[in-house]
Structures are given as C-alpha cells and as structure tokens.
Amino acid sequence: MTHIFAKTGSLSGREAKATLLAAGLFLAALAGDISGARADEITVTDVTGHTVTLDEPAERIILPEGRHILTLALLDPDPAAFLVGWGNDLKLFSPETFDAVHAAFPEIDDIPDMGNPMQNSLSIESMMAAKPDLVIFTLYGRVPTETTDKLEAAGIPYMFVDFFQKPLENTVPSMRQLGQLLGREEQAEEFISFYESHMDEIADRLAENTTPTSVFFHLNPDGENCCYSSGPGNMSDFIAAAGGRNIGEDRIPGPIGQLSLEYILAEDPDFYLAGGGSTVSPDGLKVGTHITRETAAETLAKVTAAPGISELTAVKDNDAAGIWLFFFDNPLFFLGVEEMATLFHPDLFADVDPDETLAELNERFLPFDLEGTFWIKAGAQSN
C-alpha cells in the first residue's frame, strides 16, 4: 500500500485521482475482509419484537423449558450437543418422553439442571455461569424482566419463540429464526414446508363450507374436579383449525378456567375431547410416549364414565376421544390438529391417516422415533 501512494506524485491530476480511488476501494475491501466476522453476523427480530445478534451460529444453548429439545431435534440430529443447561419440565411432566430422549442421547445426564420453569424457579446465576451463546425462551409462561435484564447486562443473547400464545401465527417465524440462529436454515425450511403442507391441506378441505363441530375440550380430567377447559387462544385455536368450536371459549375469559357441568350438559356438544398425558391422577386420561393403546383406551373409558360426562350425547354415540397435551406447545401440534380434523369431520378426512404423518415425521425429521399412543377414539379396539 505504501508503494501505491508513493507513486501518485509523478502522475497527472486525473491519473492521481484514479489511483487514489482505486486505493480507497482496495482499502475498503481489505477492511471488509478484516472485519469479516461483522459481515457474517446473524441478526433476527423474534416474535416479541426483540432483536438478537450473534457473531456466528449458536453452539451453546440454554433451554429454560427442556421439553423443547423436541423442537431442536427437528433442526439437528444431535440436539443434546447444543445444550449447556435446560429446565427439568420434560423429566417431571412427561417422563416417558424424557426416557425416549435419554435412550437416544444418554449424555443428557450431564446437562446442568436449571430448575422448573413452571414454578419460576430457574436459576439465573446458573444460566450465566454456563456461558451460553443463546438462551431460548418461549411464550408459554411469563419470563421476569429481571431475568432478561440480567442476561443483557451480562452480554448473553436471548430470544423468544412461540408455539403457545399464537401458535398458528408464530410457529413458522419461530422455526425460521431458530434455523438462522443455529445455522440450520435448510433444515428449518424443510420442516416448515412439511408443516405447511399438512396445515394447508386441512384448511383447504375445511374451506368447503364446513360447519364447525361443537366441542367440549376437557382439560386433564381426573374423575374429581369437573370441568376445566380452555378459553380463547391455544387449544381453542387448534380446535378451530381442525374444524371445531370449543364451547369453553364462550365462557372462559382467560387461557384456562372451569365450566359448570350444567352448562356442558345444556350445550350438549357434538364431540367430547379429553386432553391428557402420563403424569395425571390414577383416574385421569393417560396418553403419550410409550403409553400402550390398551392403557389409553381403558383410561378414556373411565373418564367418559364419570357422572354427568356419561350423559352427553357425544359420549353415548362414541363421538369422544383423548389426545396428548404435549403436542400443543411445540411445532408438533400439527399432528394433533390433523387427528382432531379426522375426529370432527370423519367423512371429509376419510383418506387422511395421522399415524402415517407421524411415521413420516419420525423418518424424516426426528433423530429418535416418537412412539406411543398419542390419540385414542372411544370405542376403538384396545389392541
């Protein structure tokens, strides 16, 4: 570079200007090369409007809600390799799913436990000590401002994804942003295409002047406390996407509330849908990973035999089913929506098989097979 400037004195004015311009362009290009890390920065604005910038794809991640290892698994065949900390909710609330993940990735035993996100007991000190490249929060619960303030003060990037508050709106951007921040854009787009193809097919069929099926969604029935359900958002949105209308939406102002048995009997909905898992009471609906079809059928029969519930026309006509609640706070919810569509409108979706969709998901996207009984129809054979 010294040589370039030394020779300008012997050139004409026009030549000197041209030479100086060339030198300036060369310096600018060189500066760009020197600051290449800046040129390679990854910047996204998440679904809350928060902007996060990384110098390179994240390799050290904290999942305050550990169940979202399933979300990471859709983007990378070794999701555990990213984790330097996670919440213990998966182990507590779906131990069979935890066992399935553990069988595939025994090294998760070494991932530091950050606490229970459902009880706001996450340790911010432990999170900072883990020195993550990225902390991935969700909109399932409230993240204290104090937590994000401390992360910002420590220079630790964080983002929010959403598969709960506005899942039909935010799932695609959430997955796309995760793909960018993890350097897994191609995998994210492949999953998004798969997801959209199934959701679009459901919407296209329902667009043919289909009358919504009225549904009583019974949240975690336990044979004792009747009857919890969902208000606007989340499950009501999923039910609507499947061609139904949750009667709880008309009475419950918040996400979750209690309906009187008298109201449910007066509405006498077209369909009874119970949502459950594996850690409910002995008299509750058991569905999910590693749950047998026999257990699911037996527990659904017990739930629908409860006083009052057994009087519903839908229950008497076997227009009743149970479904796995864990579907409905991660991108796998489209499986649940597809199953509900076949339940609410069996003629319209006679050729749709959610079991085949799950099998394809396992083969194409998940590094371990998600196996079990995730939905069960009343009157179905238990074996």
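Which helix and which strand each supply at least two residues of the lining of the largest cavity? The legends below take up this point along with the overall fold of a predicted model.

**Figure 1. Overview of the predicted protein model.** The protein has 383 residues, and 50% of them count as buried. Its secondary structure comprises 16 helices and 15 strands. Among contacts with a separation of 6 or more, 66% join residues 24 or more positions apart. The exposed surface comes to about 17600 Å². Carbon and sulfur atoms supply 49% of that surface.

Figure 2. Rolling a probe the size of a water molecule over the atoms shows where empty space is left. One cavity of 30 Å³ or more is found in the structure. The largest cavity holds about 40 Å³ of space.

**Figure 3. Close-up of the cavity lining.** Helix H4 (69-73) and strand S5 (134-138) each give the largest cavity at least two lining residues. The lining consists of Leu63, His68, Thr71, Leu72, Ile136, Thr138, Val161, Phe163 and Leu178. Six of the lining residues are nonpolar and three are polar. No charged residue takes part in this lining.

**Figure 4. Close-up of the largest pocket.** The largest pocket contains about 710 Å³ of space. Its lining is made up of 29 residues. Nearest the pocket centre lie Tyr140, Phe164, Leu219, Asn220 and Leu325.

**Figure 5. Residue classes around the largest pocket.** The pocket lining includes 15 nonpolar residues and 12 polar ones.

Terms used. Residues numbered from 1 in each chain as written. Predicted model: local features only at pLDDT ≥ 70, side-chain atom pairs only at ≥ 80, totals over all residues. Heavy atoms only, no water. Helix = DSSP H or I, 4+ residues; strand = E, 2+ residues; numbered from the N terminus. Buried < 20%, exposed > 50% of the residue type's maximum accessible area, 1.4 Å probe, protein only. Contact = heavy atoms within 4.5 Å. Areas by Shrake-Rupley, 256 points an atom, 1.4 Å probe, with all protein chains shown as cover. 1 Å grid on protein atoms, 1.4 Å probe; cavity = no way out; pocket = protein on both sides within 12 Å on 5 of 7 lines; lining within 4 Å. Points joined across faces, edges and corners; volume = space filled by probe spheres on them. Nonpolar A, V, L, I, M, F, W, Y, C, P; charged D, E, K, R; others polar.
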